[in-house]
Each structure stands twice: as C-alpha cells, then as structure tokens.
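Open the model in your viewer and follow the selections below in order.

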Amino acid sequence: METAGKVIKCKAAVAWEAGKPLSIEEVEVAPPKAHEVRIKLFATGVCHTDAYTLSGSDPEGLFPVILGHEGAGTVESVGEGVTKFKTGDTVVPLYVPQVTQGRGLLPDNTSRFTCKGKQVFHFMGTSTFSEYTVVADISLAKVNEKAPLDKVCLLGCGISTGYGAALNTAKVEPGSTCAIFGLGAVGLAVIMGCKVAGATRIIGVDINAEKFEKAKEFGATEFVNPKDHSKPIQEILVEMTDGGVDYSFECIGNVQIMRAALEACHKGWGESIIIGVAGAGQEISTRPFQLVTGRVWKGTAFGGWKSVESVPKLVEDYMNKKLKVDEFVTHTLPFDQINEGFDLMHAGKSIRTVLTF
C-alpha cells in the first residue's frame, strides 16, 4: 500500500517517564515535512546514552519520548526540498548532524510522533526505537545498499565515537602508549583505533577481568584491574609506563575516573580524552585539573568525525574488512525484547545488543 503522505501506524518503544521500563506501543508517525525524511528502520542498537536519559539523570531528558540513536533502515518517503535522498535508499540516522537541531523536536520545533493522543518527543533527532521515524535530511547518511543493517546501525554512535577518539581527537601517533578506562563497546573501539594508529602499548583498564580476553582481540596488549591494587590506578599506570601514558581515554562517564585518566598521563605531553557522559550530580570542574601541569584534557563528540561525510566511508571500511563491527554484536533480539537488551547491558553481559524489527 502506498504510504507516502499518510500517517503510518507502527510499533515503537515509548519511555513514558524516567526510571520505568520502555513500553511497546502503537504510535502514529506523521509524514515528513520540508527537508525531512521518513525511514523504515530494520535494526537499532542499545546504547548507554539511551539508558542514561531513561534513568532520569539526563538534565535535558524529556518525557514521553522515543529513545534510540543507533539505527539503520531504508527511506520510505521524503519531504519537500529533499534532494539527496529518495525512496529505497539505505541510510543511517545521525545523532550529531553537521548542523544543530532543536531539543526533543525536529528543526521546526514540532514532533512527528503521537501515541494515545499525546505528543511524544524525539530523541537526539533520530528516535530509532520505532519501526518508522522521521529525521531532518541533515541527520542522515546514505550508505552502501549491500551493507548488513543489523551491523552498520552501530556506526551511528558507539563504534564511530571510540574509533574516532583515537584517530581524530587524540591523533594517536605510532609508538605511543595508551590507556583505555572502561572496556565496553566504546572502549573496544578506542583500542581498535589505537592499534590502527600504530600504538605500541595499549593498556585496558576495567574492574571486570572477563572483558580482557575480548579486548585482546581488538588490539589491547596488557590489562590492569584496579581491584587488584591498593594504590590508585593512576599511580599504577605511571609506574608501569615510567612516568605516564601518552594518551588516556575515559569511556565510562565517571568524574573520579576522568581525573584518574588525566593523572595517568605523562606530565610533559600526555593527553586525556573524555568520551563518557558524566552522570547527574557529577559536576565537572576544570579547576582541579589545572593543578596537574603539562597535561591536556579534551572532550570528544562522535569521535571527531564529520558525520554525513564520514559514516559512508566507515561503512565502506567495514565492507572491505578494514574495520571490525560484527565483533561488537554479542546479542541480537527481536524488537519486542528491548527491555531485555537494557538488562543485558546493565548486567555487563553484552557489548552491544542489536534489536531487529
């Protein structure tokens, strides 16, 4: 049946309020307006950023909302003025477009989602926890039509962010020593980037030793479990590396660990890259960091990639076996089991769970 120009009713996971499980609902998805694209999604990943907002810790969190920002699908229809996309194109939505957009709404400050007569907010301009979603045409990348959607959906966030943090933000140099704090999906992607950049020592730091074997597959050369030491982890790393690492990466979102990551850097030239999102009540003050001279503290957004330009290239690298993606997917579940996907993540049993529609 021809759906262009009509409201589509479909399945979505709605977060009605903070701290509650997602609810599978029938939602109405309005047609795209000017410079918008409606997408039929085939797969979406479950990311810590979704859980952070769902927990209520996100000061910018809005409810009710359709979360999700790691998706892949095909174009169902396009709005007026859209020239770069057509029906049937294979696409990855981008939560960091190359221009900004409104909070919880599309650029014209309205929503395309309705459920039970109520407006439902968009999330990060993508809202991939829905069979159909509407995004601004600036928030979309066209990718290789042969790419498996249940894998390349992950290039919309976690893998690209970690991989780019090493290559673009830090610009890790050959022969460097790097420490990665937190060996989840983002941390593993950082390790992969450090290896590609030619780092000699890649030290994985995590309190869960079960993650070490997987991290070795991505290129980690040695590991430290803070639980095995009575001294602060930064002191251990400084001793191990004769003065500190060249680059450290914080992939957890904990302010104390951000500081430890910075203090693990070499005083003369070390750089620390902050990737994790700090939780509620964890005020990041730059003042304590200024006491540690000769070290640089950087943040990174989407790994420094220009999203529209870079995601198609990353997909090609994956297709040409230059970039690991399949190895991040530990669980694939039907979309209806989305809450189980969150449970696996919170229990530390998954790297990435992919949900398929």
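Start with the largest nonpolar core of this predicted model, which has 56 residues. Select V172, I180, I191, C194, F249 and F328, the residues with the most contacts inside this core. Next colour α2 (149-152), α3 (158-169), β10, α4 (185-197), α5 (212-218), β13 (247-250) and α9 (307-319), each of which supplies at least two residues of the core. The largest share, 9 residues, comes from α4.

Now colour by domain: domain 1 covers 8-142 + 325-356, and domain 2 covers 162-300. Their centres, taken over C-alpha atoms, are 30 Å apart. At least three residues of the core come from each of the two domains.

Zoom in on I180. Leaving aside residues up to four places away in sequence, I180 touches G187, V190, I191, C194, I202, I203, G204, V205, F249 and C251. Then select L67, L105, C115 and F121, which are among the 32 residues of a second, separate core.

Go to helix α6 (residues 233-240), where I233, Q234, I236 and L237 are the buried residues. Look down the helix axis: these buried residues fall within an arc of 160°, so they line one face of α6. After α6 comes D242, with a positive phi near 55°.

Finish by colouring by pLDDT. The mean over the protein chain is 91, and 92% of residues reach 70 or more. Select residues 278-293, where pLDDT stays under 50; the model has 26 contacts for this stretch beyond four places in sequence.

Technical notes:
Residues numbered from 1 in each chain as written. Predicted model: local features only at pLDDT ≥ 70, side-chain atom pairs only at ≥ 80, totals over all residues. Heavy atoms only, no water. Domains from an automatic or database assignment. Buried < 20%, exposed > 50% of the residue type's maximum accessible area, 1.4 Å probe, protein only. Helix = DSSP H or I, 4+ residues; strand = E, 2+ residues; numbered from the N terminus. Arc of directions from axis to C-beta. pLDDT = per-residue confidence, 0-100. Contact = heavy atoms within 4.5 Å. Core = buried A, V, L, I, M, F, W, Y, C linked by side-chain atoms within 4.5 Å.
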